Amino acid sequence: MYAETSLANWLKTTQIFRGLDQSQLLAIAQIAQLKTFRRGELIFQQGSEATGFFVVKTGRVKVFKLSVNGKEQILHLFKAGEHFAEVPALDGKAFPASAAALEPSEVVFFSRFVFLELLYQSPDIAINMLISLSQHARNLSKLIEELSFKEVPQRLATYLLNLSERTDSPRTVELDLSKSQLAAALGTIPSTLSRAFYRLSHEGIIAINGSHIELLDRDRLLSLSQLLEEVVVDSTCGNKGN
């Protein structure tokens with residue numbers, strides 16, 4: 001009982017279960033399964049049966065797709081307190097992507113059928129699920145926009161700015177991914193990413209010291225991150241006016 005109470009107290013801090021009362025949290029904790037994964041270990045593979053969804057307790061998880069020629073595109077990175085794979089868990093279709101641990105990780109697993117039964121009993125939990133689905137849809141829309149409308153230097157600028165905001169460090173950030181992983185997250189290859197880093201460094205926008213990046217000129221970095229987006233908007237507006 002103590003373990004369930006401890007897990008329930010942790011679950012109330014997560015995005016998906018925030019705001020639920022203690023009885024609801026205890027009911028969720030009772031159907032939860034803790035699973036551990038080594039660094040690089042697959043959690044599930046694209047096309048496999050979606051048996052449930054996951055909440056990251058410790059560590060980090062990447063959700064990704066592989067092209068036919070083996071190129072990896074990271075769709076999202078999930079850290080402690082964040083959840084993933086709830087869409088296939090709800091619709092019962094196969095996992096549309098793969099997931100793997102970026103580092104030693106512990107995740108909380110919820111079996112699809114057991115969780116669906118709980119949703120029928122608790123509308124509050126179902127509402128939280130709807131909110132979480134809308135947030136993930138926004139994230140996917142943002143990723144598509146980044147890959148479609150921005151070149152690699154602009155994607156890198158956006159990433160560095162977002163990283164500085166997440167770590168509350170406006171001047172210096174430390175890369176939270178290896179260069180190959182970051183390239184996959186930005187929809188490119190390591191050599192192209194290296195050229196983007198060189199460009200920003202050569203132009204005096206950033207300074208690179210291993211994985212530590214100093215943001216020398218945030219204003220120019222922000223302008224670069226928005227540049228192509230503004231060009232696309234202006235072009236669209238211009239077409240509408242003709």
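View 1. The largest nonpolar core brings together 40 residues, and Leu 11, Phe 17, Phe 53, Phe 54, Phe 84, Phe 110 and Phe 115 have the most contacts inside it. A nonpolar core here is a set of buried Ala, Val, Leu, Ile, Met, Phe, Trp, Tyr and Cys residues joined through side-chain atoms within 4.5 Å, where buried means under 20% relative accessible area with a 1.4 Å probe, protein chains only. A second, separate core has 29 residues, including Leu 156 and Ile 205. This is a predicted model, so local features need pLDDT of at least 70 and side-chain atom pairs pLDDT 80 or more, while totals for chains, interfaces and linings use all residues. Residues are numbered from 1 along each chain, and side-chain values use heavy atoms, without hydrogens and water.

**View 2. The three-stranded sheet.** Here you can follow an open, antiparallel sheet in the order S9-S11-S10 (strands are DSSP runs of E, at least two residues, numbered from the N terminus; two strands pair if DSSP finds at least two bridges between them). S9 (172-174) and S10 (206-209) each have a single partner strand, so one side of each is left without a neighbour in the sheet. S9 pairs with S11 (residues 212-215) over three bridges, and Glu 174 stands opposite His 212 in S11.

**View 3. Helix H8 on the sheet.** H8 (residues 190-202) packs on the sheet and touches S10 and S11 (contact means heavy atoms within 4.5 Å; helices are DSSP runs of H or I, at least four residues).

How values were computed: Axes are lines fitted to C-alpha atoms, for helices over the stretch in contact, and angles run from 0 to 180 degrees between N-to-C directions. Buried means under 20% relative accessible area, exposed over 50%, partly exposed in between (1.4 Å probe, protein chains only).
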